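The sequence and the structure are shown here for reference while reading.

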Amino acid sequence: MNRILHGAGVRSQRSKSAFSLNLHAPHKRRGLGDAKNLVGRDVGSDAPRRRIPIWLIPGFAIGAVFAALAVTHVRVELIDQGYKRYSAVERLQALEEEQRILTARLNELRDPARLATLAQKMGLSRPDRVIALAPPGDGLRP
């Protein structure tokens, strides 16, 4: 470090990139000069210094309104989808019940005992022999 003499005091010179604390610098004291500026002044009515620019406040308000509308829209859509899902589940259950009823009815109509009883009522009987018919041009099938 290079030492430079300034008047009566000695200071060390450092590079700009190095962090330095100047412990020998005199502290600025508040004297009567600061108090003289406050005489006759109403300190309580001084407006506080704004930290947010005034033009940003409407932007924040509009952004908050749009955010609230977006959240409301999402909630309404969620409720609507819930109702649609509920009605689809009800429709599915009704269709499954209808399928069970129709399957039971089909099994009832195909029941061999029921068909035999129906055939007897109509005067039909079991055949004594079965004749196999072949389409023309085909030979006898084994």
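The model is predicted, and the description begins with one residue in it. Lys84 is partly exposed, its relative accessible area being 46%. The side chain of Lys84 meets that of Asp80 in a salt bridge, with a distance of 3.5 Å from N to O. Asp80 likewise counts as partly exposed, at 31% relative accessibility, and because buried means under 20% relative accessible area and exposed over 50%, the values of 46% for Lys84 and 31% for Asp80 place each residue in between. Both Lys84 and Asp80 belong to helix α2, where they are four residues apart, about one turn of the helix.

Side chains of opposite charge can pair when their charged atoms come close.

## Further salt bridges

Glu97 and Arg100 meet through their side chains in a salt bridge of 2.7 Å, N to O; both lie in helix α2, three residues apart, which is about one turn of the helix. Glu97 is partly exposed, with a relative accessible area of 38%. In the pair formed by Glu108 and Arg105, the closest N and O atoms are 3.1 Å apart, and these residues too both lie in helix α2, with a spacing of three residues, about one turn of the helix. Glu108 is partly exposed, having a relative accessible area of 43%, and Arg105 counts as partly exposed at 43% relative accessibility.

## A nonpolar surface patch

Ile52, Ile54, Trp55, Ile57 and Phe60 make a nonpolar surface patch of about 580 Å². One of these residues, Phe60, lies in helix α2, which comprises residues 56-109; this helix also holds the pairs Lys84 and Asp80, Glu97 and Arg100, and Glu108 and Arg105.

## The chain as a whole

The protein chain contains three helices and two strands, and its elements, taken from the N terminus on, follow the order β-β-α-α-α.

What share of the 142 residues of the protein chain counts as buried? The computed share is 0%. The accessible surface of the protein chain comes to about 14700 Å², and 59% of that surface belongs to carbon and sulfur atoms.

Notes
Residues are numbered from 1 along each chain as its sequence is written. This is a predicted model: local features need pLDDT of at least 70, side-chain atom pairs count only at pLDDT 80 or more; totals for chains, interfaces and linings use all residues. Side-chain values use heavy atoms; hydrogens and water are left out. Patches are made of residues with over 30% relative accessible area and no salt bridge: like charges are joined within 9 Å, nonpolar side chains (Val, Leu, Ile, Met, Phe, Trp, Tyr) within 5 Å. Accessible areas come from the Shrake-Rupley method with a 1.4 Å probe; for residues, only the protein chains shown count as cover. A salt bridge is a side-chain nitrogen of Lys or Arg within 4 Å of a carboxyl oxygen of Asp or Glu. Buried means under 20% relative accessible area, exposed over 50%, partly exposed in between (1.4 Å probe, protein chains only).
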